[in-house]
Amino acid sequence: MVKQRSSKVKQKLILLIVLIGIMGFIYYMSAQPVVRSGEMSFRIDRLVCRLFVDGFENMTAEQQQAAVYDMDFLVRKSAHFLEYTMLGLILMLTARTFLTSHQKTAALLTGAVYAALDEFHQYFVPGRACQVRDVLIDYSGIVTGILTALLLMRIIRAIRNQRGSSRRLHR
């Protein structure tokens, strides 16, 4: 019993560390001035173009630059979405672990508030802006992460129930 309780405490601690880590990463990325943020995005944009734009390597430098520029919006907004999808997943798992009721509401509200505060924070970062569109993209990621967590929990529960019922049949 003590060992089981110790395991639960460790699970809770790990969830909190992961949650704080993801929130810290999002904050760190949002605190990057536009020049630094642009440099990071440019490297990823270029890699995405190499992988997905036919004939990218055969383009002139000017054409490559135009393709990379066109890819930038998609890459940046996808990064927002994916960061917040991970946050939504961890928020749901954390809410389920720490709360006995209103878990989905807590995860949704926490995610919405964090997305809004993150955008507000960017208003004060040189060259960055506070955009409602980004809050909506972030919140879409939160909802996707929460739905993913709920789906995974349902699958795990079904597997456990199936194992439990098969054990009872074999007794």
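**Close-up 1. Buried residues of helix α2.** Ser37, Met40, Ser41, Asp45 and Cys49 are the buried residues of α2 (buried: under 20% relative accessible area; exposed: over 50%; partly exposed: in between; 1.4 Å probe, protein chains only). The model is predicted: local features need pLDDT of at least 70, side-chain atom pairs count only at pLDDT 80 or more, and totals for chains, interfaces and linings use all residues. Residues are numbered from 1 along each chain as its sequence is written, and side-chain values use heavy atoms, without hydrogens and water. Helix α2 covers residues 34-52 and spans 25 Å from its first C-alpha to its last, close to the expected 27 Å (1.5 Å times one less than the number of residues). Helices are DSSP runs (H or I, at least four residues), numbered from the N terminus.

**Close-up 2. Tyrosine 84 and tyrosine 114.** The structure holds 3 aromatic pairs (ring centres of Phe, Tyr or Trp, the last by its six-membered ring, within 6.5 Å; planes under 30 degrees apart are stacked, over 60 edge-to-face, the rest tilted). The ring centres of tyrosine 84 and tyrosine 114 lie 6.5 Å apart with planes at 45°, so this pair is tilted. Tyrosine 84 belongs to helix α3 (residues 61-98) and tyrosine 114 to helix α4 (residues 103-122), 30 residues apart. Both tyrosine 84 and tyrosine 114 are buried.

**Close-up 3. Phenylalanine 120 and phenylalanine 124.** With centres 5.1 Å apart and planes at 85°, the rings of phenylalanine 120 and phenylalanine 124 form an edge-to-face pair. Phenylalanine 120 is partly exposed at 47% relative accessible area, and phenylalanine 124 is exposed at 57%. Ring pairs join Phe120, Tyr123 and Phe124 into a cluster.

Terms used
Helices (H or I, at least four residues) and strands (E, at least two) are DSSP runs, numbered from the N terminus.
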